[in-house]
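Hi everyone, thanks for making time for this one. Let me put the sequence and the structure up, and then we can walk through it together.

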Amino acid sequence: EIENRVAEIGKAISKEYAGQEILLLGVLRGVFCFMADLMRHITLPMSVDFMSVSYYSGAGVQDGVRITKGPDVVLEGKHVVLVEDIVDTGMTLNYLLRYLRERNPASLKVCALLDKRARRFAEVQLDYVGFEAPDEFMVGYGLDYLERYRNLPFIGILRPKELPQPSEG
């Protein structure tokens with residue numbers, strides 16, 4: 001099911017950007033399985049880059065997103081497809097889109113493997129979506145819990161009673 005849907009998305013991107021070169025920009029780390037498969041189904045000239053974000057909160061600090069690795073390539077004038085593993089609240093994606101638009105790409109679209117609308121706070125447009133996701137904790141195909149389960153060849157739900165506890169020390 002995943003393989004077929006990823007192929008459909010790759011075909012749609014290829015059709016929409018026919019005759020143009022695109023930049024696939026992935027948000028690490030959960031995106032790497034999806035993005036590797038997606039790029040194999042795109043029939044256009046393309047370049048690939050990655051970003052990384054972290055989340056912070058704590059005493060005296062407003063909760064937020066921090067870009068820990070920005071794009072290595074200049075985005076100005078490029079057709080950028082931002083690739084995400086999962087979009088839930090939309091807050092991180094909203095922040096990233098503002099950041100990327102400031103770099104003046106020719107176009108900016110969003111491709112997400114999973115869309116968890118039940119948790120959406122910020123209205124963000126997803127141009128290509130693999131699957132609607134339930135309001136559950138999902139793992140596999142790059143998605144993790146405490147860096148575990150990324151290597152599962154499927155996407156599954158990790159129930160609270162099944163969650164391993166972080167090791168101490």
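Which residues lie nearest the centre of the largest pocket? Before I answer, a word on the ground rules. This is a predicted model, so to speak plainly about cut-offs, local features need pLDDT of at least 70 and side-chain atom pairs count only at pLDDT 80 or more, while totals for chains, interfaces and linings use all residues. Residues are numbered from 1 along each chain as its sequence is written, and side-chain values use heavy atoms, with hydrogens and water left out.

Now the pocket. Tyr55, Asp85, Ile86, Asp88 and Asp144 lie nearest its centre, out of 27 lining residues. A pocket here is an open set of points on a 1 Å grid over the protein atoms alone, where a 1.4 Å probe fits, with protein on both sides within 12 Å along at least five of seven lines; lining residues have an atom within 4 Å of a point. The volume comes to about 750 Å³, meaning the space filled by probe spheres set on the points, which are joined across faces, edges and corners. At least two lining residues each come from S1, strand S2 (46-58), S4 and helix H3 (91-101). S4 gives the most, with four residues. Those labels are DSSP runs numbered from the N terminus: helices are H or I with at least four residues, strands are E with at least two.

Let's turn to helix H1, residues 2-16. Buried in H1 are Ile2, Val6, Ile9, Gly10, Ile13 and Ser14. They sit on the same side of H1, because they cover an arc of only 135° around the axis, taking the directions from the helix axis to the C-beta atoms. Buried means under 20% relative accessible area, exposed over 50%, and partly exposed in between, with a 1.4 Å probe and protein chains only. On the other side of H1, Asn4, Lys11 and Lys15 are exposed. Asn4 has 52% relative accessibility, so it counts as exposed.

What covers the buried side of H1? The cover for its buried residues includes strand S1 (22-28), helix H2 (32-40), strand S4 (79-87), strand S5 (107-115) and strand S6 (128-132).

That takes us to the largest nonpolar core, which has 24 residues; Ile13, Ile22, Phe34, Leu38, Val81, Val83 and Cys111 touch the most other members. Such a core is a set of buried Ala, Val, Leu, Ile, Met, Phe, Trp, Tyr and Cys residues joined through side-chain atoms within 4.5 Å. H1 gives the largest share of this core, four residues. Beyond its neighbours within four places in sequence, Leu38 is in contact (heavy atoms within 4.5 Å) with Val6, Ile9, Gly10, Ile13, Val83 and Cys111. Another core, of 22 residues, lies apart from it, with Leu23, Met51, Leu108 and Ala112 among them.

In H2, Phe34, Met35 and Leu38 are buried, and their arc of only 95° puts them on the same side of H2. In H3, the buried residues are Thr92, Leu93, Leu96, Leu97, Tyr99 and Leu100; they fall within an arc of 160°, so they line one face of the helix.
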